[in-house]
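Here are a few notes to read alongside the structure.

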Number of protein chains: 2
Amino acid sequence: MKAAPIRLVPLHGIPAVRAGDDLAALLRAAARGSDARLSDGVLVVCQKVVSKAEGRIVRLADVEPSAEARRIAAEDGKDPRHVEIVMRETARVVRHAHGVWIAETRHGFVCANAGVDLSNAPGEGYAVLLPEDPDASARRLRDALLAAGDGPLGVLVSDTFGRPWREGLVDVAIGCAGIAPLSDWRGRSDLVGRTLEVTNMALVDQLAAAAGLLMGKDAGVPAVWIEGVAVEGDGDIHALLRDPRQDLFR
Amino acid sequence: MKAAPIRLVPLHGIPAVRAGDDLAALLRAAARGSDARLSDGVLVVCQKVVSKAEGRIVRLADVEPSAEARRIAAEDGKDPRHVEIVMRETARVVRHAHGVWIAETRHGFVCANAGVDLSNAPGEGYAVLLPEDPDASARRLRDALLAAGDGPLGVLVSDTFGRPWREGLVDVAIGCAGIAPLSDWRGRSDLVGRTLEVTNMALVDQLAAAAGLLMGKDAGVPAVWIEGVAVEGDGDIHALLRDPRQDLFR
């Protein structure tokens, strides 16, 4: 089958999201104003607006850091309240050196600061945590969009992660609904008839990275609509998380 | 500035590439037949066709494996000639366990099998190595396209890599010309006026991943044209390779 072009459409006009907001309604309104049909494609939504809508926000002023958090904060030159929140969100420390805290979260993600972002608007510092269950967040959003008449579509929640060995951040998927996370080419043939054995592509991470091209932090684009990708299968993001016992870097 | 949509266009009709082929001419012809203008955008070309055009191919029948390669091949259930080639392309072994060989290449990439792909068409097994200097490959391609009247454009050479912690492969850039590899948002302000300090996006890896959505191994699409991305700056891929002394996973 001949591949056709893919279109990445930034959703404009999503206002600052607050706890309890109906994110699906905000996304639908933004799609209407952005030439995105929300049918036969994949909607990528950045974690920050999902977390905010779900109230996954902690005011730094409300946090009492432990002695351990104070010690680490002093060592690493950080806000002890931030360190305290990061420690609470950490299931296991994978590496802690050079002031960098690489943690495994309760969900099983390995990332800096257990995914806790600081937002320091003057006078109102707060931290944004990852959603409790990003797959459930994606599924709720998708269900609401389908109920409103959109679809078929896949929904991804994306976040910006660093990686070993390479500088710079990339966007990856942390939640997934209505699309298979892995595009499994094993068993298909390549151009000369050899059976492919290892080409198991992280489809949702490639989609998140593509969407990330439009999610500049200062551009106000927290969601991107992707057209031209086959929306097939289903599954949750745990299919993408390597079994720690098989992992050579944990 | 309001972000506009991005279009990813697969380049169809590129024939099987052989050593010495004029890859720029093949890409221009494919672009003409695929509605891709090769102006104001980024051309992503998969490593395999670049390597083939550059003759970076070794016939397995011509390889005499060392005793060490035979021992490892027996242990890992692999072809000793493949192991021999992988060892020659390896500057340093980062991990070797569970039959997986994660190597640092001479270029500084960390990847499985030092980037050596096997292609086992019946009766003519061979290995495809990474280009000697993928930045130079990208620059030669770009220079040839500019000389033919195309551009302005960036050119990337991409390859498919695994990663720690997450299953599935993603496409990343291994060579770069005419575009800055990192999109540096540090010093810009976010939506509430806070100066961003850490958002240093691996722009060329996000572009390679986006292109990878169309580079299914069985789809015959070894190149993708990306429109709607600002082509700014320049630099080579080494800006993306973390200093091993700063790396927590090497």
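1. Two residues are in contact if their C-beta atoms, placed from the backbone, lie within 7 Å. By that rule, and leaving out residues up to four places away in sequence, Val224(B) touches Leu8(B), Val9(B), Pro10(B), Leu11(B), Val44(B), Ala211(B), Leu214(B) and Met215(B). Keep in mind that the model is predicted.

2. Val224(B) also belongs to the largest nonpolar core, which has 153 residues. Which residues have the most contacts inside this core? They are Leu207(A), Val224(A), Leu207(B) and Val224(B). As background, nonpolar side chains tend to be buried together in soluble globular proteins.

3. Chain A is assigned two domains: domain 1 covers 7-55 + 131-246, and domain 2 covers 57-128. Their C-alpha centres are 26 Å apart. Twelve residues from domain 1 of chain A and nine residues from domain 2 of chain A make up the contact.

4. On the domain 1 side of that contact in chain A, helix 2 (47-53) and strand 9 (153-161) are the elements that give two or more residues. Helix 2 of chain A gives the most, with three residues. By type, this side of domain 1 of chain A has five nonpolar, four polar and three charged residues.

5. Is helix 4 (residues 80-89) of chain B mostly covered or mostly uncovered? Mostly covered: seven of its ten residues are buried. The buried ones are Pro80(B), Arg81(B), His82(B), Val83(B), Glu84(B), Ile85(B) and Val86(B). Among the elements of chain B that cover them are helix 3 (67-76), strand 4 (90-97) and strand 5 (100-105).

Terms used
Residues are numbered from 1 along each chain as its sequence is written. Chains are lettered from A and ligands numbered from 1 in the order in which they are written. This is a predicted model: local features need pLDDT of at least 70, side-chain atom pairs count only at pLDDT 80 or more; totals for chains, interfaces and linings use all residues. Domain bounds come from an automatic or database domain assignment. Helices (H or I, at least four residues) and strands (E, at least two) are DSSP runs, numbered from the N terminus. Ala, Val, Leu, Ile, Met, Phe, Trp, Tyr, Cys and Pro count as nonpolar, Asp, Glu, Lys and Arg as charged, and the others, Gly among them, as polar. A residue is buried if 20 or more other C-beta atoms lie within 10 Å of its own, exposed if 12 or fewer, and partly exposed in between; C-beta atoms are placed from the backbone. A nonpolar core is a set of buried Ala, Val, Leu, Ile, Met, Phe, Trp, Tyr and Cys residues joined through C-beta atoms within 7 Å.
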